[in-house]
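Let's take a friendly walk through a protein model. Please keep the sequence and the 3D view side by side as you read.

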Amino acid sequence: MTLRAATTSGLFSWRRLLPPLLVSAVVVGVIVVVIVAGHHDIIDSFSAFGRGSFGSAYAFWSATLVRATPLTLLGLAVALAFRSGVMNIGAEGQFLAGASAATAVVLSGVGGGMVLVIALPAAVLAGALWAAVAGWLKRRFGVLEVISSLMLNFVAQYLVSYLVRGPLQEPTHVYPQTETFGPAAHLPLLISGQRLHLGYAIAVLLALVLWWMFRATAVGFRLRAVGAGAAAAESAGQVVVPRVLFTAFLLSGAIAGLAGGVEVTGVTYALYEGISPGFGYTAIAVALLARLNPLAVIGTGIFFGALEAGAAAMQRDAGVPFQFVVVVEALVVLGVIALEWTRERGDTRR
Amino acid sequence: MTDAITPFVEATVRTATPLAFAALGELVAERSGVINIGLEGTIIAGAFGGLVVAGTAGAGLGFVGAVAAGMLVAAIFAFFVVTLKADHIITGTAISMLGVGSTGTLYRLYYGTTGAALETPTLAPFPIPILRNIPWIGEAFFAQPPVMYLLYVIVPCLAWYMTRTSAGLALRAVGERPEAARAAGISPARVRWVALLFCGAMGGLSGGTLVLAQVGTFNEGISAGRGFIAIAIVVLGRWSAVGVTGAALLFGAASALQYLAQAMGWGIPYQFALALPYVLTLVALAAAGKRSAAPASLGVRG
């Protein structure tokens, strides 16, 4: 998909206003349809949505932003890959690899009070290695990364399933999960009384770093050049396309792995099978809505975090099925594609 | 040992049947140059469509509902990918999410928030005399619900169609060199639309088989990644109808291996058996390398 920077037309032109308006209309529209079809109370449902997402300090800091943390990190991983022309849809698997590695380090008991200093780099490394398999298959054998990264998602899923029912299972061997991590392996909380943890600060910082990297560094320039057109980048010289693609894969996997490590040490404090409710796929919507811009991923991460937090409250308090969130995510992606199409068509006409 | 073989073959065929339907649909889509990652969405739409129609009209008509639902989802995918020339992967991911999310929501709306298990009429097995008595494999291949026998018709027809007819040649030409096909007077867009609708029908049939011939109920995770497995099966089957059917049986056998391993007391974690086909697919892809049988324009926009 060729996603280009926003057009330079006026700040308040229709072109700029259309995407957010459309997205809001889609969200509200789907919610209304679901509420009406299910004979739920509209006022109750929307107030539950508000209470769960932005309605109180607790909702914002402890539900919306906690949910936004993995979505932001994974959104950055996907944005980096897509922008460099790598169709990495394996963020889900790389997330699970990172979560598994961090868990293994924590449970092994190394590092004592400094265990996070080992666990998080281990997660980064595991995510990068998981991505490297697909990257290497592409570089060495020309294997389509879409298929390989997708296959690796399933392998990772079964790996987690094996770990939490086998070597890493909690001591009583009853539940398919690990034992709960001790306090030394918990990421520090950012605000007392809230669940928001250091992972979110890391995500925001990383967004800034990636934004700067794409704008101002040689690595970022090479990634962008290859993403914009591999053949052109190659013939312009100075760029070895396969090496750049491999680098993009590694970086993307490293960030996704970090997201997994952050989730187990910041939120769940344990590893279990359903640890990712499809974060890696939602992240594609997060990245696309941000038009692959790392800074904008902060905003779209909060948007989807609020959506999921609000929907969870709506299911709890008003009985509205949570699954509609996935419909909204899908429609957002399709909406972005359609907008992109109208834009491209407008360009060729001029 | 012999006591274990019959249930093993039966479990293999049972798992392979819905996979084969979906993978044959994906095969035709990919031969036209479109990689349909939205297949997961068409399968679960088929499962849900089958459930809804079968509830009022019986299992037989349920399959019609399943195929129609699969084609509807595939039509949305085709509109974006063929008509708007959007990226296959991104669109496909969205379509999978759309299928899973909308069936999950509708299921809760129709059948209550608890998502309680719900019985649906299913097709009775239709044993074929004599053939069913073949030792070890007879029951598995010839004492199944009739929808499974459709495979015995579809596979040879598809193989013949793709290799021996001019329409099949046109399909493959569009997948290899769409611009050359266009110069020869073939409309790539039309060929791809038809291929994707066929893929949707087969995905719907796959979902319908799950609900109406095997499980007898619907749940939100019923497609369980089969759409993605089907993509692996097409790779492993090297983009031919017969190869794809063989690869579907291999995936079926791998997942049946866990039961066999339990019965034989081999002590391998069952997750290894389940992960094996995915690893095999990666190895097969690497082994084929740049001489891969993949259509040259697979996944290319436009």
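Predicted model: local features only at pLDDT ≥ 70, side-chain atom pairs only at ≥ 80, totals over all residues.

Residues are numbered from 1 along each chain as its sequence is written, and chains are lettered from A and ligands numbered from 1 in the order in which they are written.

Begin with chain A as a whole. How many helices and strands are there in chain A? There are 13 helices and 0 strands, where helices (H or I, at least four residues) and strands (E, at least two) are DSSP runs numbered from the N terminus. Along the principal axes, the C-alpha atoms of chain A fill a box of roughly 70 × 55 × 35 Å.

Of the 350 residues in chain A, 52% are buried. A residue is buried if 20 or more other C-beta atoms lie within 10 Å of its own, exposed if 12 or fewer, and partly exposed in between, with C-beta atoms placed from the backbone. Two residues are in contact if their C-beta atoms, placed from the backbone, lie within 7 Å. Among contacts in chain A between residues at least 6 apart in sequence, 76% join residues at least 24 apart.

Now find helix H2 (residues 42-53) and helix H3 (residues 57-83) of chain A, whose axes come within 6 Å and cross at roughly 85°. Axes are lines fitted to C-alpha atoms, for helices over the stretch in contact, and angles run from 0 to 180 degrees between N-to-C directions. The two helices are therefore roughly perpendicular (under 35 degrees is roughly parallel, over 145 roughly antiparallel, 65 to 115 roughly perpendicular, and the rest oblique). A:Arg51, A:Gly52 and A:Ser53 of H2(A) make the contact with A:Ala59, A:Ala63 and A:Thr64 of H3(A).

Next, look at where the chains meet: 38 residues from chain A and 38 residues from chain B take part in the contact. Helices H1, H5, H6, H11 and H13 of chain A each give two or more residues to the side that touches chain B. That side has 30 nonpolar, 7 polar and 1 charged residues (Ala, Val, Leu, Ile, Met, Phe, Trp, Tyr, Cys and Pro count as nonpolar, Asp, Glu, Lys and Arg as charged, and the others, Gly among them, as polar).

In chain B, helix H5 (residues 146-164) includes the buried residues B:Val147, B:Met148, B:Leu151 and B:Leu158. H5(B) packs against helix H6 (residues 166-176) of chain B at about 75°, with the axes 5 Å apart, and that makes them roughly perpendicular.

Finally, visit the loop between helix H9 (226-236) and helix H10 (241-264) of chain B, which holds B:Arg238 and B:Trp239. Most residues other than glycine have a negative phi. Yet phi is near 50° for B:Arg238 and about 55° for B:Trp239. Are these two buried or partly exposed? B:Arg238 counts as partly exposed because it has 16 C-beta neighbours inside 10 Å, whereas B:Trp239, with 21, counts as buried.
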